[in-house]
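Here is a short report for a first look at this structure. Take a moment with the sequence and the 3D view before reading on.

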Amino acid sequence: MEERIQKIMARAGLGSRRACEELIAAGRVRVNGKVASLGTKADAAQDKIEVDGRPLSGSEALVYIALYKPRGVLSAASSPDSRQTVRDLVPESGRLYPVGRLDFDSEGLILLTNDGELANQLTHPRYGHEKEYRVLVARHPDEEQMATWRRGVVLEDGYRTQPVQVRVEGLAGKGAWLRVIMREGRKRQIREVGTRLGLPVVKIIRIRIGSLKVGSLKPREWRHLTPQEVKDLKGGKRSHEQKR
């Protein structure tokens, strides 16, 4: 059966569909000797698919790992410099890619997997998976600031953020801990929203991706997901929302 080659590549553990599309766009993928394009389809059982000159192997055993990313570690499989990456923290063999990236100064839950289909499901905006954070801001927010954050904030590039759930969890000296639940994740979005509202962000900890929770993991700790956790993640956003 013919399928888009990015779907075949993702299933074989080469990363998310988006990452596979980048490989195709860069001309690094061939089907039966011809350079593939984003619209190319193939039959994995009959066609010869090569990435960087190497035949695409059969599907790898799927691996799912929850990691508590500490501050000062890149949310990437490799680093362009000497900085440590999340992949360096997990001494498991094979290709594993981070899902649900966090910026360098943020911490908390990251999923590492070679399941490209699940990675696509968790990161593509149309699926609307929730991500939950504890956020420490430097000032006590007022009701107007909170209401504006909930409605959506226009960022510097003109983009208006989607509505979010945000509430004060507790005060911490001159600052406050907030609980933020959102369905999108533009780069450094929480920090920029805080800045534009006059609430400088001091710390960000992600505690949930979809139905997966960080639980008792501490910085740099990791564990394999249970079969039920994998099933819940693949079941979509409803599995968590029905439990709340």
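Leucine 178 touches Tyr133, Arg134, Val135, Val137, Pro141, Met146, Trp149, Val166, Arg167, Val168 and Glu169, leaving out residues up to four places away in sequence. Contact here means heavy atoms within 4.5 Å. The model is predicted: local features need pLDDT of at least 70, side-chain atom pairs count only at pLDDT 80 or more, and totals for chains, interfaces and linings use all residues. Residues are numbered from 1 along each chain as its sequence is written, and side-chain values use heavy atoms, with hydrogens and water left out.

Leu178 also belongs to the largest nonpolar core, which has 29 residues. A nonpolar core is a set of buried Ala, Val, Leu, Ile, Met, Phe, Trp, Tyr and Cys residues joined through side-chain atoms within 4.5 Å. Buried means under 20% relative accessible area, exposed over 50%, and partly exposed in between (1.4 Å probe, protein chains only). Val135, Trp149, Leu178 and Ile190 touch the most other members.

| Element | Residues |
|---|---|
| Strand S7 | 64-69 |
| Strand S9 | 107-113 |
| Strand S10 | 131-137 |
| Helix H4 | 143-151 |
| Strand S12 | 175-182 |
| Strand S13 | 201-209 |

Helix H5 is a contributor too. S12 gives the largest share, four residues. Helices (H or I, at least four residues) and strands (E, at least two) are DSSP runs, numbered from the N terminus. A second, separate core has 20 residues, including Tyr64, Leu109, Leu111 and Leu212.

Tryptophan 177 also lies in S12. Its relative accessible area is 17%, so Trp177 counts as buried. Its contacts beyond four places in sequence include Arg134, Val135, Leu136, Lys203 and Ile205. Valine 137 is 40 residues away along the chain, yet the two C-alpha atoms are separated by 6.4 Å.

Arginine 191 lies in helix H5 (residues 189-196). Is it buried or exposed? Arg191 is buried, because its relative accessibility is 10%. Its side chain makes a polar contact with the side chain of aspartate 103, at 3.2 Å. Such a contact is a pair of N or O atoms within 3.5 Å; within protein, one must be able to donate a hydrogen and the other to accept it, and residues adjacent in sequence count only if both atoms are side-chain atoms. Beyond four places in sequence, Arg191 also has Asp105, Ser106, Val201 and Ile204 among its contacts.

Elsewhere, four strands form an open antiparallel sheet in the order S3-S2-S5-S6. S3 (34-35) and S6 (54-55) are at the edges with a single partner strand each, so one side of each has no neighbour in the sheet. Strands pair if DSSP finds at least two bridges between them. S2 (residues 29-31) and S5 (residues 49-51) pair over three bridges.
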